[in-house]
Amino acid sequence: MNPRYILYIHLVINDIILLTIFTLMQVLSYIVFTLNVCFCIVLLMTAIFSNLNNPLTLAVMAVECYIAICFPLRHNQICTVKKTYIVIGVIWVLSTLSVLPDLFFTLATESVEFFHSRVFCLRDNIFRNPSLKEKRDTYNYVFLVIVWLTLFYSYFRILFAAQAVDTDAKKARNTVLLHGFQLLLCMLTYVVHLMIKSVTYMFPKEVTAVRFSISIFVQVLPRLVSPVVYGLREKSKIDDKVP
């Protein structure tokens, strides 16, 4: 019934979905190498939704911390369970709207034979039109700017509140900082193609190993942060309560 932990659970669920699909795609790429285009689309769409949900959820969690510290008397009225579920719904709508046009455009422009063919399951191999890549980059930039501005605003407002040497304010400030670190790790997703291209250029005979290693670093490492952050956070709360 706590909005903060509803958002955290939503973040973890998205991480589980993304890691499950990532693992499945890695295993299938080693076993069969190529996948049916329709099956690949299902996997990619689910992974993209989950991946886009994470930065938006982190921004909402930062705002919740800001409200809890700067407007403590109104926190229970502003951050209700119902409103939290509405916000989660809005997050999914925004993520869906960012990628559904790619699917509709591909369905309208590609031949039927393409959807019955097999490809190595990458986004660029499915959504092949160059204009779709430009649209994807634009959406990513807009999302990241909005999320970063939200984090900076929340952090500095909480920072000013923490100057009163309030323990909860200082913990909230540290939490927002960790959200920023999580977001920084999430941003690696947007430069993963450049990383793979650069490392592959240095090791042209190890393309598969390079792609797998970088994917592990980009997709798995950021997902380890949330459980560690909130595990330590809850441990400190328990320690504070122990006489």
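**Close-up views of a predicted model**

View 1. Arg 136 counts as buried, because its relative accessibility is 11% and buried means under 20%. The model shown here is predicted. Arg 136 sits in helix H7, which covers residues 130-162. Which residues does Arg 136 contact, once its neighbours within four places in sequence are left aside? They are Arg 123, Asp 124 and His 193.

View 2. Ile 6 belongs to helix H1, residues 3-31. Is Ile 6 buried or exposed? Its relative accessible area is 12%, so Ile 6 is buried. Set aside the neighbours within four places in sequence, and Ile 6 contacts Val 81, Thr 84, Tyr 85 and Ile 88. Take Val 81 as one of these partners. In sequence, 75 residues separate Ile 6 and Val 81. In space, their C-alpha atoms are 8.1 Å apart.

**View 3. Helix H2 crossing helix H4.** Helix H2 spans residues 37-70, and helix H4 spans residues 81-109. Their axes come within 9 Å. The crossing angle is roughly 140°. H2 is therefore oblique to H4, since only angles over 145 degrees count as roughly antiparallel. The crossing of H2 past H4 is right-handed.

**View 4. The residues where H2 meets H4.** From H2, the contact takes in Ile 41, Met 45, Ile 48, Phe 49, Leu 52, Asn 53, Leu 56, Thr 57 and Val 60. From H4 come Val 87, Ile 91, Trp 92, Leu 94, Ser 95, Thr 96, Ser 98, Val 99, Leu 100 and Leu 103. How many of the contact residues are nonpolar, polar and charged? The count is 14 nonpolar, 5 polar and no charged. Asn 53 and Thr 57 of H2 are among the residues to look for in this view.

**View 5. The whole chain, for orientation.** The protein chain has 10 helices and 2 strands. Starting at the N terminus, its elements follow the order α-β-α-α-α-α-β-α-α-α-α-α. The chain has 243 residues, and 42% of them count as buried. The accessible surface of the chain is about 13500 Å². Carbon and sulfur atoms account for 72% of that surface.

Definitions and conventions:
Residues numbered from 1 in each chain as written. Predicted model: local features only at pLDDT ≥ 70, side-chain atom pairs only at ≥ 80, totals over all residues. Heavy atoms only, no water. Axes fitted to C-alpha atoms, helices over the stretch in contact; angles between N-to-C directions. Helix = DSSP H or I, 4+ residues; strand = E, 2+ residues; numbered from the N terminus. Parallel < 35°, antiparallel > 145°, perpendicular 65-115°, else oblique. Left-handed = near helix turned anticlockwise from the far one by under 90°. Contact = heavy atoms within 4.5 Å. Nonpolar A, V, L, I, M, F, W, Y, C, P; charged D, E, K, R; others polar. Buried < 20%, exposed > 50% of the residue type's maximum accessible area, 1.4 Å probe, protein only. Areas by Shrake-Rupley, 256 points an atom, 1.4 Å probe, with all protein chains shown as cover.
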